[in-house]
Amino acid sequence: MPVMAEVGFPEKEELTFGFIKLTDMAPIAIAYENGYFEEEGLYVTIEAQANWKVLLDGVIDGRLDGAHMLAGQPIAATIGYGTKAHIITPFSMDLNGNAITVSNDIWKKMKPNIAKDSEGKPVHPIKADALKPVVEQFTEAGKPFKMGMVFPVSTHNYELRYWLAAGGIHPGYYAPHKGDTSGQLDAEAFLSVTPPPQMPSTLEAGTIYGYCVGEPWNQQAVFKGIGVPVVTDYEIWKDNPEKVFGITAEFAEKYPNTTIRLTRALIKAAKWLDDNDNANRPAAVKILSQSNYVGADYDVIANSMTGTFEYEKGDKRAVPDFNVFFRYNATYPYYSDAIWYLTQMRRWGQISDDKPDAWYKDIAAKVYRPDIYAKAAQSLIDDKTIDAKHFPDFATETGFKKPQQHFIDDIVYDGSAPNDYLSKFAIGLKQGDKL
């Protein structure tokens with residue numbers, strides 16, 4: 001892969017970036033607070049957005065130059081699901097960082113179905129098998145079992161669906177070709193959209209019985225005593241790719257130096273967040289707790305950001321990789337990560353028709369741009385800011401991770417064979433299926 005040693009002056013210096021109030025926006029906040037944007041000659045304004053749709057629309061209409069995005073947003077926009085715009089990502093923002101929380105009442109009903117260790121604590125990971133009898137009780141009583149997720153093409157939607165389906169609970173299909181975008185066809189658990197910061201209050205109000213969201217909104221439920229996080233996404237899929245930084249393809253073409261420079265700043269910030277075994281995390285938590293960023297209490301944010309995670313109140317466990325920003329090549333935009341999102345869109349009907357394997361790879365290459373990342377990273381290597389050992393070997397990197405085995409249902413994911421992967425699931429559309 002060709003790389004560029006020197007980076008020219010930024011074509012556009014004044015930029016506005018959007019984000020949602022979640023701890024995984026941290027690379028943007030740190031790049032700003034630590035002066036990494038300014039080191040690149042970029043003068044950045046950072047604006048919190050009301051929800052994921054407003055954020056995406058802002059990037060498409062140019063109100064925002066770039067934003068913290070759900071990984072599914074650039075992909076869905078590029079294939080024309082929900083909206084139509086060519087959005088790309090040169091930078092993956094993190095691994096892991098989400099969890100699934102249920103209300104205290106649902107947790108009480110699940111607990112008899114969960115094995116306990118010698119200290120009487122629940123054995124993790126907790127599978128949706130423990131929730132299935134509870135959902136069946138709701139169904140028999142004619143009461144829909146409702147859960148929240150943040151956006152139809154969010155990681156949270158796919159993770160929640162993955163966890164439920166692995167436990168034999170059908171989360172429902174989308175059928176956009178029939179005008180149905182509810183995602184609730186054939187559902188046993190009914191999922192709907194709730195903005196992240198509103199998850200705890202919606203759970204408390206009894207409108208939903210559980211949700212999947214990023215931090216600090218699972219730990220907030222613990223602190224408020226209204227719910228119990230039952231499983232982290234790290235336990236559903238170890239080191240799963242999470243948010244990305246999204247810009248339009250037009251922006252990247254018009255401002256190539258600016259694009260590389262903003263990527264350099266974000267890489268530096270991500271590395272700082274993970275340096276020395278997360279030694280900078282307390283300082284990062286202090287920054288994130290400010291009202292202009294996440295705006296939650298220091299202790300709530302620190303619970304997950306400093307290597308621990310609290311499940312049932314008082315049951316705090318070490319989860320050092322709960323949220324990874326740089327280790328394990330977290331920031332490199334792998335094609336195979338994009339293809340996983342596309343497989344889930346197909347599995348649940350958001351992609352109505354069969355697609356050949358080559359189609360998945362073509363779309364991934366349109367949206368995920370490791371070529372831009374490599375230029376930014378190589379320039380950091382060349383100016384001795386970051387050692388090459390911290391990056392993939394760009395001369396041989398294919399953009400496809402080795403087949404991944406650490407899923408809660410033990411199904412292996414190979415990004416080079418998406419249709420074969422889809423055929424392995426008991427619940428979900430496969431090649432040849434159409435609603």
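Before the details, a word on conventions: residues are numbered from 1 along each chain as its sequence is written, and side-chain values use heavy atoms, with hydrogens and water left out. Because the model is predicted, local features need pLDDT of at least 70 and side-chain atom pairs count only at pLDDT 80 or more, whereas totals for chains, interfaces and linings use all residues. When I speak of helices (H or I, at least four residues) and strands (E, at least two), I mean DSSP runs numbered from the N terminus.

A cavity here is a set of points, on a 1 Å grid over the protein atoms alone, where a 1.4 Å probe fits but cannot get out, and its lining residues have an atom within 4 Å of a point. Grid points are joined across faces, edges and corners, and the volume is the space filled by probe spheres set on the points. By this rule there is 1 cavity of 30 Å³ or more, and the largest cavity holds about 30 Å³ of space. Its lining consists of Glu159, Tyr162, Asp233, Ile236, Trp237, Trp340 and Phe407, with helix 7 (155-166) and helix 10 (233-236) being the elements that give two or more residues to it. For classes, Ala, Val, Leu, Ile, Met, Phe, Trp, Tyr, Cys and Pro count as nonpolar, Asp, Glu, Lys and Arg as charged, and the others, Gly among them, as polar. On that scheme the lining of the largest cavity has 5 nonpolar, no polar and 2 charged residues.

Next, a pair of helices. Two packed helices are described by the angle between their axes and the distance between the axes. The axes are lines fitted to C-alpha atoms, for helices over the stretch in contact, and the angles run from 0 to 180 degrees between N-to-C directions. Helix 4 (residues 72-79) packs on helix 15 (residues 335-347) at an angle of about 65°, with the axes 10 Å apart. The residues that make this contact (heavy atoms within 4.5 Å) are Gly72, Ile75, Ala76 and Ile79 from helix 4, together with Ala338, Tyr341, Leu342 and Met345 from helix 15. By class, the contact between helix 4 and helix 15 has 7 nonpolar, 1 polar and no charged residues.

How much of helix 14 is buried? Taking buried as under 20% relative accessible area, exposed as over 50% and partly exposed as in between, with a 1.4 Å probe and protein chains only, helix 14 (residues 298-305) is mostly covered, with 6 of its 8 residues buried. These are Val300, Ile301, Ala302, Asn303, Ser304 and Met305, and they pack against helix 9, helix 13 (281-288), strand 14 (308-310), strand 15 (316-318) and strand 16 (323-324). Just after helix 14, glycine 307 takes a positive phi of about 95°.

In the loop between helix 13 and helix 14 we find serine 289, which counts as partly exposed because its relative accessibility is 22%. Not counting residues up to four places away in sequence, serine 289 touches Gly295, Ala296, Asp297, Tyr298 and Ile301.

The loop between helix 7 and strand 8 (173-175) contains glycine 167, and histidine 170 lies in the loop between helix 7 and strand 8 as well. Glycine 167 counts as buried because its relative accessibility is 7%, and histidine 170 counts as buried because its value is 12%. Leaving aside neighbours within four places in sequence, glycine 167 is in contact with Ala128, Asp129 and Lys132, while the contacts of histidine 170 include Leu185, Trp348 and Ile427.

Finally, the backbone. The peptide bond from histidine 124 to proline 125 is cis, with omega near 5°, and proline 125 lies in the loop between helix 5 (104-110) and helix 6 (132-140). The bond from glutamate 215 to proline 216 is also cis, with omega near 15°, and proline 216 is placed in the loop between strand 11 (210-214) and helix 9 (219-224). Asparagine 96, although not a glycine, has a positive phi of about 60°; it is found in strand 5 (residues 95-96) and is buried, with a relative accessible area of 0%. Lysine 384 has a positive phi near 60°, and lysine 384 counts as exposed because its relative accessibility is 74%.

Methods. On a 1 Å grid over the protein atoms alone, a cavity is a set of points where a 1.4 Å probe fits but cannot get out, and a pocket is an open set with protein on both sides within 12 Å along at least five of seven lines; lining residues have an atom within 4 Å of a point.
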